[in-house]
Amino acid sequence: MRFNPLSARHRHRAVGVAVAIGAALALGLSACASTGSSNAADASSSAAVLKWATTYFPVDWDPVVNGAGAQFRPLTLVYASVTNINAQGDPTPGLATSWTYNKTGTEVTFHIRHGLKFSDGTPVNAAAIKDAIVRAQTQKNSALIEDLSAIQSVSTSGDYNVEVYLNHPDFQIPLVFGQRVLLVASPKAAADPTKLNQFPVGAGPFIAIKIIPGQEAVFKKNPNYWDAKDIHIQTVELFNAPAPATVVAGLQTGTYNFADLAPSEAKAAKAAGLDVFVQPGYNAENISININKAPFKGNPALVEAMRYAINRQQFVDQLTFGYGKATDEVFPPGAIGYNKADANLWPYNPAKAKQLLAKAGYKPGQLSLDLVIQLDTEGPEAEIVQSQLAAIGIKVTITINPNWATPFFAKQLAFSLYGTTGRDSQTETLTDHFGPNGVLNLSAPYQVAGFAAAVDKAEATPIGSPDYAANLQAATAAGLQSEALIFVYSSPNLFAKSKSISALPGEPGHVDFTGVTISGQ
Amino acid sequence: MAVSSAVHPIAVEDGHGVTAARARHAVRGLLTNFGRTIAIFVPVFFVATFATFLLRALSGLNPARIQLGQNATPLEINRLEASYGLDRGFFAQYGSWLAGVLHGNLGRSWSNGYPVAVLIRDGLTISLTVATLALVLGVGFGLALGALAAVRRATWIDRGITSLLSIVSTVPAFVIGIVLVEVVAVELKLLPSAGFVPFSQGFWPWLSHVLLPALALSFGCMSSVARQLRAGLIGAYRENYVIGATVRGLSRRRIFFRHVLKNGIGPAVAVLGLEFPALIGGSVIVESIFALAGFGQFAATSAQMGDVPSVQGVLVVSIVLVVTFNLIVNLLLGRISPASQRGV
Amino acid sequence: MIRRVLAQPTGRLAVGMLSVIALLAIFGSVLAPCSPLTNSAHQLAPISASHWLGTDYLGRDTLSRLLAGSRASIVGAVEVGIIALFVGAIPGAASVYLGRVFEWVTLRLVDTLISLPFLLVAVAVTALLGNGITQALLVVGVLLAPSFYRVSRAAALSVARSQYVEAAEISGASEAWIVRRHVWSKILPPISVSLAQTIGAGFVVVSSLSFLGIGVQPPAPTWGGMLSSDLSYLSYQPWAPVAPAVLIIATVWACNLLADSIRDVSGEAGRAFASARPKRRRQLARPEVGA
């Protein structure tokens, strides 16, 4: 008989104790994870909660650092802007109730609402607005310097008037002071920009309660928002969206009720009984070229060859699942800035592209290009570019680097893809893409001849005037000649929402929850 | 197999003394076991942390790659690196990093400046919850299946279980995860397919969200435990004392629970020490499929961004987890089958 | 030994499956009906006569992509096995002959490798070292080396102390002859078992990495990468993930079957090696009972 000094009873107890410890540990740990979000739990149990999974979860919460690109949308939850836009794209009041231009368009005064406060108690007044403008122009890591380059100086007159002096006639300022460029942070919080970048303080429809970097943010309704009466949502939980393929499942099972949606998932979303909201806007995808770097430097024939190699229809057919259309301009067809006369300047012609490649001095297969993309969801688009260029004899190697943004905005890449969601101000879109300091101009400081004059003229035309559309389209035509950009297709942003969420207002490019109700909560 | 050959002292008159002696013996055994285990794992900890630290030098990455761009003059790069202490010699950096680690300070992330310990903390609770539940499921089903296969050895039950396990153990976790999402969550609509709900918001919401990921993770552990238990039990059943016990008329249940199980369970418990790293490692896949913001996801994202301190922090934490778990397993093993501690 | 393996039914099954898969790897691109890289307008097409498994999101023939991807996946797994073999077996055998310090250091290194959470480390280190396929294979190979270390060390230990080697040495046989005649036939079975298992495990890891997008080079297809992108289009092709998944599972299962049948065939000697532990105090509990 074999024995053990410890009896079987003791041994089983030891195992039992270990298992119990393990289970208690697991429960205790998950309870720990909950203490931080207990506020959210309390809030959500009693009122309308928006659970939004976004692909643009902010890395930077300071609007000056965040920039005017698509990632501005979650920031509009916590910050308010000086102006907003309506469904037609015209400027409407925000923190400012009205504005007046002088005759020549070189001065505009904004009249700020009375009696508003930021969520930390600082008053919203002309000084706060001026502070925001000056900070965007001067802060070292500001991404907005170029967008405000028309502003020479700002002064305040009284508590509620902001006088903006421009260095040339520019009627776009009310649009520029919208949600993409002038989200206003509390000046008291902005005194420490690093801290503001980690935790936002604004005067928007919601107040930030908790931020877990890269994962989740929780907001509750701001009763002092200037339009609080039209906000019917009490709590917003913002999540960093998971892989697109899992978003619909997350919506179906109630983890989210609002989510950014990839076009390939639209069919699944509809089949799952969700609403698919097609956001109106000015999206345009392009191939960006840096003509200051090899192999493009001094070789315009190479750029021409690539222009003719692109078959826009394949992108539309295989990437947009019926939601997109081809465009060879910086605006989609139908937008006010789209120049019909200049459409299809470079039709798809692979034979001509091969000739031009030879003229550029390259034999088929001789030239290799590196294409860096940020996410593997951009893979299909990159693969189409790769195969179309391979068809004319240019070899493209694709690498995925989540850190793509840094070399792109530092203009260190020779060749890249980019997709814009547009701007509130159409001339801002043009200068961002074609201007000598344009954020999206990979070839900066290159500026195509004739563009500066054309865009100045468009800016100097009042928005409502009969010449406006024509001058804007002329500026588009001028920019189109830039060797730095090949526009390919336009695909709108899609959102999937639970049927309990009412329709969103359709402002181009914006996600606005004014008037939105969540039923059944 | 790990069994003791010590014989019970027969002295019954002096009951008190014997109990005390037995208790002293047990405590001494425990302490020796503990000490021995620590002596083994301390070098592992240091080697692993050194290798982790070596990663930065091997990778050639620096914070300037992530943070600067437009303003990347050499002066600014040097200043940024100095602020992270990266301008000192290799061993100076290693020393201060290690000292920090031992105090719980895992450095600052290069991409957003947050302390790495804070970034890991919330993700860790999610990953540990899923891993622990996977362990419980794997061990529970594994023990049950292994025992069943051993008790009914060579019957069709045994063959069926063994073949099933051999197939299941080869299916990668991501395939199982996808199948579970498609079948259970989307088609049958039984359980949610994504996200994490903390326990404080209710038992069923919490369980329904962690069950599928834990299940996907548990299959590997389940099949290992089952196989080891089956083999151990079959070996134990072959021992002479079992025949003796049967001849003496002990019931099959008593033979199983009092003798065979305690003698055969050793390898199954021991294999847990090897399975736990696999559970933590598998969290990367499972968190990707089930949209859990755990520390596997965090490690993958930080690594792809080139954020070395975050990756180092994750590796250190996972090493500590594995070492702690192995400590517990070795302690358990010491009590269950002390002979295994003698290196037999 | 090969003959004995083939005599077993499981052995025949395993060798058969692996031969088919190896043929796919070598001749895959030739057998493919279309080029795996040709886009066509027929995106996400269903099964048809011209496309036996339909097409993918860019109109490429799925069957051709699977065949072309087989080479990358399988060659990757075999490379992992070979790297693990060399990184593990050489120090393992050497640890018996090169003194206490070397032995202690390598034992601790092996303990560390076993303690590391496998996939997490593979993902992290590969991504940090440049996200390429070579880095991935190297890292995974190193992580899988411990089993070869143990096996070769156990074999070397038992050979070093066996009497017939002493006898051979006394009667003047050269070391090379001893190695060839005695050591090799003893080591081969357990090393083969480990190699088969490691290739299977390496295959799973490489597929998992390509599933996560690490170490892939678009547009070259890989089975794991195809499985991952199939997820994005499930609503259009719900059955699409089945093909790569079945191939992955079949390959891994065949490797494990082969390992099991070699182990069964090599009998007591092989089992003893596979389960022998270093004659020191136990480090991590590592049972390896033939099941």
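This is a predicted model: local features need pLDDT of at least 70, side-chain atom pairs count only at pLDDT 80 or more; totals for chains, interfaces and linings use all residues.
Residues are numbered from 1 along each chain as its sequence is written, and chains are lettered from A and ligands numbered from 1 in the order in which they are written.

Reader: Which radius of gyration does chain A have, against that of a compact globule with 521 residues?
Author: The radius is taken over C-alpha atoms, and the globule rule is 2.2 Å times the number of residues to the power 0.38. For 521 residues a compact globule would come near 24 Å, and the value for chain A agrees with this, being 26 Å.

Reader: What percentage of the residues in chain A is buried?
Author: A residue is buried if 20 or more other C-beta atoms lie within 10 Å of its own, exposed if 12 or fewer, and partly exposed in between, with C-beta atoms placed from the backbone. Of the 521 residues in chain A, the buried share is 51%.

Reader: Which strands stand at the edges of the open sheet of four strands in chain A?
Author: Strands and helices are DSSP runs numbered from the N terminus (E, at least two residues, for strands; H or I, at least four, for helices), and two strands pair if DSSP finds at least two bridges between them. The sheet is antiparallel, in the order β5-β6-β8-β7 of chain A. Each edge strand has a single partner, so one side of it is left without a neighbour in the sheet; these strands are β5 (96-101) and β7 (151-156) of chain A.

Reader: What angle does the direction of helix α5(A) make with that of β7(A)?
Author: Axes are lines fitted to C-alpha atoms, for helices over the stretch in contact, and angles run from 0 to 180 degrees between N-to-C directions; contact requires C-beta atoms, placed from the backbone, to lie within 7 Å. Helix α5 (residues 126-138) of chain A packs on the sheet and touches β6 (107-112), β7 and β8 of chain A. With the direction of β7(A), its own makes about 160 degrees.

Reader: Which element gives the most to the side of chain C that touches chain B?
Author: The contact takes 42 residues from chain C and 57 residues from chain B. Elements giving two or more residues to the chain C side include α4 (100-115) and α9 (175-211) of chain C. The most, nine residues, comes from α5(C).

Reader: Is Ala343(A) buried, partly exposed or exposed?
Author: Ala343(A) lies in the loop between β16 (325-326) and α13 (350-359) of chain A. Its C-alpha atom is separated by 6.8 Å from that of Asp328(A), 15 residues apart along the chain. Because Ala343(A) has 14 C-beta neighbours inside 10 Å, it counts as partly exposed.

How values were computed. Two residues are in contact if their C-beta atoms, placed from the backbone, lie within 7 Å.
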